[in-house]
Amino acid sequence: MLLATTPIIEGGRIIRYNGVVTGEVILGANIFRDFFASIRDIVGGRAASYETVLRDGRNTAIQEMVNEAQRLGANGVVGIALNYETVGKSMLMIAVSGTAVTVEMAMSQPQHASPGYGQQGFGQQGSGHQGSWPGR
């Protein structure tokens, strides 16, 4: 699955637009994580537990979008947008959306597999943010 924040895949030609695809995750509060993050806020530094939760949530939302694109028969998603919103007082929603496409790659463009979503590393090809989104 090729993923891009841009409207095109460099070296490829979009031959079909399969539809809009999305993935959403809502994360709830955790009293222990909140307590230790508040201590970290006082002494300074990064809140690693929150960063891990956000990373996991983002990856889950992206994987949901990729699964939906695959169900539509796509081999790529373009125009990807990632949004974070608060829900209520103690929850966070991560939403990702894009357009599922079928891309025909030029013969000279190599297809490399990597861990994660089974694709090229995100942002490794050409300009902009194209390539595949990395898994963990």
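Predicted model: local features only at pLDDT ≥ 70, side-chain atom pairs only at ≥ 80, totals over all residues.
Residues are numbered from 1 along each chain as its sequence is written, and side-chain values use heavy atoms, with hydrogens and water left out.

The protein chain contains 2 helices and 5 strands, where helices (H or I, at least four residues) and strands (E, at least two) are DSSP runs numbered from the N terminus. In sequence order these elements give the pattern β-β-α-α-β-β-β. Of the 136 residues, 32% count as buried, a class that means under 20% relative accessible area, with exposed set at over 50% and partly exposed in between (1.4 Å probe, protein chains only). The accessible surface comes to about 7900 Å², and carbon and sulfur atoms account for 57% of that area; the areas come from the Shrake-Rupley method with a 1.4 Å probe, and for residues only the protein chains shown count as cover. Among contacts (heavy atoms within 4.5 Å) between residues at least 6 apart in sequence, 71% join residues at least 24 apart.

Strand E1, residues 2–4, pairs with E3 in the parallel sense over 2 bridges, and within E3 the bridge partner of Leu3 is Val77. E3 and E4 run antiparallel and are joined by 10 bridges, with Leu82 standing opposite Val96 in E4. The hairpin formed by E3 and E4 has 3 residues between the strands, and Gly88 there takes a positive phi near 65 degrees.

In soluble globular proteins, nonpolar side chains tend to be buried together. A nonpolar core is here a set of buried Ala, Val, Leu, Ile, Met, Phe, Trp, Tyr and Cys residues joined through side-chain atoms within 4.5 Å. The largest such core has 16 residues, of which Leu3, Met65, Ala69 and Val77 touch the most other members. The elements that give two or more residues to this core are strand E2 (12–27), helix H2 (48–71), strand E3 (76–87) and strand E4 (91–105), and H2 gives the most, with 5 residues. Leaving aside residues up to four places away in sequence, Met65 touches Leu3, Val21, Thr22, Gly23, Val77, Ile80, Val96, Ser97 and Gly98. A second, separate core of 8 residues includes Ala4, Ile14, Val101 and Met105.

The loop between E1 and E2 holds Ile9, which counts as buried because its relative accessibility is 6%. The C-alpha atoms of Ile9 and Met105 are separated by 8.6 Å, although these residues are 96 apart along the chain. Thr6 is found in the loop between E1 and E2 as well and, at 17% relative accessibility, is also counted as buried. The side chain of Thr6 reaches the backbone oxygen of Ile8 at 2.8 Å.

Side chains of opposite charge can pair when their charged atoms come close. A search of the whole structure finds 1 salt bridge, defined as a side-chain nitrogen of Lys or Arg within 4 Å of a carboxyl oxygen of Asp or Glu. Arg13 forms a salt bridge with Glu104, the closest N and O atoms being 2.9 Å apart, and this pair links distant parts of the chain, with Arg13 in strand E2 and Glu104 in strand E4, 91 residues apart. Arg13 is partly exposed, with a relative accessible area of 49%, and Glu104 is partly exposed at 41% relative accessibility.

Technical notes. Pairing = 2+ DSSP bridges. Polar contact = N/O pair within 3.5 Å; in protein donor to acceptor, adjacent residues only side chain to side chain.
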